[in-house]
Amino acid sequence: MSDPSRELLQFQNRLAQLGADLERWPLAERAAAARLLLTSDEARAAREHAAGLDAQLLSAGRLPASEALRSRVLAIPDQHPQLAERGLGRQAPRWAVALLAAAALLGVMTERLIAPPEPPAAMQEDVDSVADPLDPLALGTEELL
Amino acid sequence: MLADSRDDSSLVAAVARGDAAAYRTLVERYLDALVRYATRVLRDQSDAEDTAQDTFLRLWQNAASYSPKVSVSAWLHRIAHNAAIDRLRRRRESFDDECELRSPKSTQPYELLTEKRERLSFDTALLSLPARQRAALTLFFQQGLTLSETAQVLETGIESVESLLARGRKNLSKLLGPTDAPHQDSKPAHHRRG
């Protein structure tokens with residue numbers, strides 16, 4: 001069985017949030033609110049009070065935009081091409097990716113063509129031994145593991 | 001000239017294909033509302049007009065990015081909201097719910113105003129609220145967005161919006177004092193949905 005005072009409290013809380021117009025309330029709560037309004041003077045008085053604030057909220061600051069602004073906004077299509085018209089947007093990344101891929105491939109091929117032959121194993125050990133011990137990038141793989 | 005009867009989503013799809021007439025219809029439907037919202041957030045008419053212009057430029061150039069998962073109204077308000085927040089940041093103001101209530105044209109906090117028993121006009125009282133409360137009240141009560149759409153625009157949850165609305169209404173009542181204004185059964189200019 002429902003508790004009338006609790007129902008009234010819930011109704012007043014909802015009024016305080018959503019105002020007096022039950023059409024703005026969640027659908028599931030409207031029927032119970034309408035029933036309460038039929039039976040409770042307190043509920044009706046609370047709704048009347050909330051409706052006063054609603055009316056002021058609805059009517060506040062209802063000025064139309066200036067004609068100067070309306071003209072500027074309506075002129076936007078004449079002055080600003082859409083992104084697709086500028087040939088940018090979706091095509092650009094495809095090009096950029098293709099160009100980057102071609103450059104990377106060219107770089108790899110060129111490096112292979114001009115790179116000196118691999119040094120003998122003994123010489124490679126000498127090179128490792130003079131690496132800067134403070135440079136983490138110079139550490140061998142084994143030391144990192 | 002006959003009014004364009006296409007729904008908002010169809011108009012945005014047409015704008016994405018370069019249909020300037022569809023764009024003009026959306027301007028007629030939303031310009032006043034977006035200027036009003038930006039004015040509420042920024043408390044400055046000139047900045048609000050620039051924000052609305054930025055919003056329609058984004059609409060014209062990026063209509064293809066619209067997803068019908070959200071209403072066009074919520075999407076445009078979200079764009080305007082982000083543009084307004086950028087402007088607030090440039091003015092080194094925050095968009096929060098923490099600052100004390102104060103008159104927009106005075107440095108007096110709310111407590112001093114009430115001590116002096118100043119009767120504020122409704123617009124002044126609304127502009128005196130913390131920014132997030134102003135935004136939530138405007139989106140829900142004036143712009144006619146649903147709770148869910150208001151939450152989408154403010155990037156928060158529905159419970160948080162309900163709390164902002166309750167605190168905003170309570171603070172407005174405090175600022176206005178006992179009201180003797182007769183209430184009218186008026187509706188917002190835009191969509192009223194449950």
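Modeller: Start with helix 2 (residues 20-42) of chain B and helix 3 (residues 45-62) of chain B, which pack at an angle of about 140° with their axes 8 Å apart. Axes here are lines fitted to C-alpha atoms, for helices over the stretch in contact, and angles run from 0 to 180 degrees between N-to-C directions. Helices (H or I, at least four residues) and strands (E, at least two) are DSSP runs, numbered from the N terminus. This is a predicted model, where local features need pLDDT of at least 70, side-chain atom pairs count only at pLDDT 80 or more, and totals for chains, interfaces and linings use all residues. Residues are numbered from 1 along each chain as its sequence is written, while chains are lettered from A and ligands numbered from 1 in the order in which they are written.

Angles under 35 degrees count as roughly parallel, over 145 as roughly antiparallel, 65 to 115 as roughly perpendicular and the rest as oblique, so helix 2 and helix 3 of chain B are oblique to each other. Their crossing is right-handed (left-handed if the near helix is turned anticlockwise from the far one by less than a right angle, right-handed if clockwise).

Who touches whom? Helix 2 of chain B brings residues including Tyr23(B), Leu26(B), Leu34(B) and Leu42(B), and helix 3 of chain B answers with, among them, Ala48(B), Ala52(B), Phe56(B) and Trp60(B). Contact means C-beta atoms, placed from the backbone, within 7 Å. By class, this helix-helix contact has 13 nonpolar, 4 polar and 2 charged residues (Ala, Val, Leu, Ile, Met, Phe, Trp, Tyr, Cys and Pro are nonpolar, Asp, Glu, Lys and Arg charged, and the others, Gly among them, polar).

Now zoom out. Chain B has 9 helices and 0 strands, and 41% of its 194 residues count as buried (20 or more other C-beta atoms within 10 Å of the residue's own; exposed is 12 or fewer, partly exposed in between, with C-beta atoms placed from the backbone). Of the chain B contacts with a separation of 6 or more, 66% are between residues 24 or more positions apart.

Chain A has 8 helices and 0 strands, with buried residues making up 14% of its 145. Between the chains, 31 residues of chain A are in contact with 38 residues of chain B. Helix 3 of chain A gives the most to its side, with 9 residues, and that side has 17 nonpolar, 9 polar and 5 charged residues.

Conventions
Two residues are in contact if their C-beta atoms, placed from the backbone, lie within 7 Å.
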